[in-house]
Amino acid sequence: MTTEPVVVVEVDGSAEDLRVVDYAAAEALRAGAELVLVAPYSAHSSFSPMTPGYPPKSPAELADAAVRAAVAHVRHRDGYGVQLAGITEEGSRLRVLAHVARKARMLVIGRSRSRGPQRVVQTQANLTLVVRAGCPVVVVPLSWKPTLLDRKVAVGIDGTALSAEALEFAFGIAASREADLIAVHAGVPAEPAFSDEDPECSWISRADHILSENLAPWTSRFPQVRVTRFLSGRQPAAALVHESGDVGLVVVGAHGGALPIDPVTRRAMAAMTCPVAIVPHRVTKAARAGRRTDVMIGGDS
């Protein structure tokens, strides 16, 4: 692979998966990035041939065929406007995708139609992948199709450092799509109101202040992006899931490293009706040291 910007997409060989490939190809075209199609496989996969008389293909051959089909699909759809690379590699999905995407602009994966316990298991696996990959991971529903809603991007802002990388990614995506950006701040603050006379107005003022502080660096850097502020008294997860019905992408931040994943991120990955980008937040050494100090002080009290 080259040192140019890279968009990595997982390929599994299914017909529905080609919609996820289409999404990744569109992002690569907008970013002027190389599109890398990756098919992890296990050499010990079991199979049962359905057609007597035909020797079954090995997992490696199936992965190779899936990548070749995806490459042909992109070439047929987009011609040679995007640089392509195909990779098949033996190993777990988590290890292979995280390794290939370690310096990528984004990793694009599909979200299956599974429900109940299977959806929970898949969501947990994808959350682990976000942490391991270290780059934004975009989860695309297999039912996705390009629409005018792709010209709208929403980003969740909670007023903490967790929003920093998510905001940078959201503004960059909005700029490349020439899209409008909706900044969502949800949840009533736990702190007491500034004034007992009008607590609702106080909450709105504080929320608007949080948005202003967080948006200021990025609105000056991306003046071409039109921003709409949206304040909601709903719980953050519920507000973002509701917003996903009116936009083409929802961007949320997630803890990187060994820190626990925010439940808002967990629900977003499982319930969004549009693609959702999970952007990891890297904790600095100073912040990590401060957290350890807080824990020690709390333990001594």
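Predicted model: local features only at pLDDT ≥ 70, side-chain atom pairs only at ≥ 80, totals over all residues.
Two strands pair if DSSP finds at least two bridges between them.

Start with one pair. Strand β4 covers residues 106–111, and strand β5 covers residues 137–141. Five bridges join β4 to β5. The two strands run parallel. Within this part of the model, G110 stands opposite V140 in β5. Strands of a sheet pair through backbone hydrogen bonds, either parallel or antiparallel.

Now widen the view. The open sheet has ten strands, in the order β3-β2-β1-β4-β5-β10-β9-β6-β7-β8. Its pairing is mixed. Strands β3 (84–90) and β8 (227–232) stand at the edges. Each has a single partner strand, so one side of each is left without a neighbour in the sheet. From one strand to the next, the twist averages 25°.

Next, the helices. Helix α2, residues 59–78, lies across β2 (34–41) and β3. Its direction is at about 155° to β2. Helix α5 spans residues 163–177. The strands that α5 lies across are β4, β5, β6 (152–156), β7 (180–186), β8, β9 (249–255) and β10 (276–281). Relative to β6, α5 runs at about 175°.

Finish with a single residue. V6 lies in strand β1, which comprises residues 6–10. Is V6 buried or exposed? Buried means under 20% relative accessible area. V6 has a relative accessible area of 6%, so V6 is buried. V6 and K103 are 97 residues apart along the chain, yet 7.7 Å separates their C-alpha atoms.

Conventions:
Residues numbered from 1 in each chain as written. Heavy atoms only, no water. Helix = DSSP H or I, 4+ residues; strand = E, 2+ residues; numbered from the N terminus. Buried < 20%, exposed > 50% of the residue type's maximum accessible area, 1.4 Å probe, protein only. Axes fitted to C-alpha atoms, helices over the stretch in contact; angles between N-to-C directions. Contact = heavy atoms within 4.5 Å.
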